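Here is a friendly walk through one protein model. Have the sequence and the 3D view at hand as you read.

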Amino acid sequence: MQQRYATNPAQIPGMTTADLREQYLVPEVFVPGEITVVYTHHDRIVLGGAVPAGRDLVLPGYPEIRSDYFLEHREVGIVNVGGTGTVTADGEVYTLVTGACLYLGRGIRDVVFADAAEGEGTDAGAQFYLFSAPAHTAYPAALVSPGEGTVRELGDQVTSNRRTLNQYIHENGVKSCQIVMGVTTLHEGSMWNTMPAHTHDRRTECYLYFDVPEDARVIHLLGEREETRHLVVADRQAIISPSWSLHSGVGTAAYSFIWAMAGENQAFDDMDAAPVTTLK
């Protein structure tokens, strides 16, 4: 488990590109045959990926979280961005097709990731994205198929940000202690994922960019509105966005991303806009 310590906005002006990438970019989320996780001290979030690559992967406990098993004091949201796979939670098997979201609550001891049995999935192996936060109580496990969450159509083709947002884990959907999680897909010809940019001063948000063409990149904005910086992000790389940092991004082609938050509340619209005319 890699650890990332919390940062504050006063550090941004003195950071080099390498410094910014080291603090806020997770470049290698999916490693075949492994579970990779990063622990950020911003709201004590753990994010990572599990790629079975033909063998079962057991989610372990980690010394850094001082728990006998991973979900002893935590909850986790899981989205599959690969081929069909399964997640077994205390003996209950959940089949996740591409784009499906699974919530597992506090107290589940055994979690196993696997590819689908032969003939049940696609040629591509499963790739599970994980987002975890501390949990004070247990909510029931829930599986949501792609497109079956709360769907919101946002943006406009005129401003290059027409997008379909699927809310899966949220206060009016799958219940959780802290986690708010969903998937946004940009329409063809749209590149901006959020405009105007905004902050969630009461929550940390993490992005996983995926379906980014091999020869394309996303320019992700971060920092304070009067001291912005950017990161160049490739397919299946993740971003840690602290509560004080604005977030927005533009791609050289259309793409999708998983957004997930944890913190003070679960109100999706609790955000502070940063109009483009105020950015520097």
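What follows is a short tour of strands, aromatic rings, charged pairs, a cavity and a loop.

## Before we start

This is a predicted model, so to speak of local features a pLDDT of at least 70 is needed, side-chain atom pairs count only at pLDDT 80 or more, and totals for chains, interfaces and linings use all residues. Residues are numbered from 1 along each chain as its sequence is written, and side-chain values use heavy atoms, with hydrogens and water left out.

Let's begin with a sheet. Strands here are DSSP runs of E with at least two residues, numbered from the N terminus, and two of them pair if DSSP finds at least two bridges between them. Strands of a sheet pair through backbone hydrogen bonds, either parallel or antiparallel. In this model, 4 strands make an open sheet in the order S5-S10-S7-S8, and the pairing is antiparallel. The edges are S5 and S8 (92-96), each of which pairs on one side only.

Now go across it strand by strand. S5 (residues 57-58) is joined to S10 by 2 bridges, and the two run antiparallel; here Val-58 stands opposite Val-112. Next, S10 pairs with S7 (residues 85-89) over 5 bridges, again in the antiparallel sense, and Ala-89 has Val-111 of S10 as its bridge partner. S7 also pairs with S8 in the antiparallel sense over 5 bridges, with Gly-85 partnered by Leu-96 in S8. S7 and S8 form a hairpin with 2 residues between them, and Asp-90 in the turn has a positive phi of about 50°.

## Aromatic rings that meet

A pair of aromatic rings is described by the distance of the centres and the angle of the planes. Rings of Phe, Tyr and Trp (its six-membered ring) count as a pair if their centres lie within 6.5 Å; planes under 30 degrees apart are called stacked, over 60 edge-to-face, and the rest tilted. By this rule there are 7 aromatic pairs. One of them is Phe-113 with Phe-128: the ring centres are 5.2 Å apart and the planes sit at 40°, so the pair is tilted. Phe-113 lies in S10 (residues 111-115) and Phe-128 in S11 (residues 128-134), so this contact ties together parts that are 15 residues apart in sequence. Both Phe-113 and Phe-128 are buried (under 20% relative accessible area; exposed is over 50%, and partly exposed is in between, using a 1.4 Å probe and protein chains only).

Another pair brings together Tyr-207 and Tyr-209. Their ring centres are 5.6 Å apart and their planes at 75°, so this pair is edge-to-face. Tyr-207 is buried, and so is Tyr-209.

## Charged partners

How many salt bridges does the structure hold? There are 2, a salt bridge being a side-chain nitrogen of Lys or Arg within 4 Å of a carboxyl oxygen of Asp or Glu. Glu-227 and Arg-229 form one, at 2.9 Å from N to O. Glu-227 is partly exposed, with a relative accessible area of 30%, and Arg-229 is partly exposed as well, at 23%.

Asp-235 forms a salt bridge with Arg-236, and the closest N and O atoms are 3.2 Å apart. Asp-235 is partly exposed too, with a relative accessible area of 28%.

## A space inside

Rolling a probe the size of a water molecule over the atoms shows where empty space is left. On a 1 Å grid over the protein atoms alone, a cavity is a set of points where a 1.4 Å probe fits but cannot get out, and its lining residues have an atom within 4 Å of a point. Grid points are joined across faces, edges and corners, and a volume is the space filled by probe spheres set on the points.

A search of the whole structure finds 1 cavity of 30 Å³ or more. About 30 Å³ of space lies in the largest cavity, and its lining includes Arg-4, Tyr-5, Gln-23, His-42 and Ile-240.

## A loop with positive phi

Finally, visit the loop between S3 (35-40) and S4 (45-50), the place of Asp-43. Phi of Asp-43 is near 55°, a positive value in a residue other than glycine. Arg-44 lies in the loop between S3 and S4 too, and its phi is also positive, near 55°. Asp-43 is partly exposed at 30% relative accessible area, and Arg-44 is partly exposed at 42%.

Notes: On a 1 Å grid over the protein atoms alone, a cavity is a set of points where a 1.4 Å probe fits but cannot get out, and a pocket is an open set with protein on both sides within 12 Å along at least five of seven lines; lining residues have an atom within 4 Å of a point.
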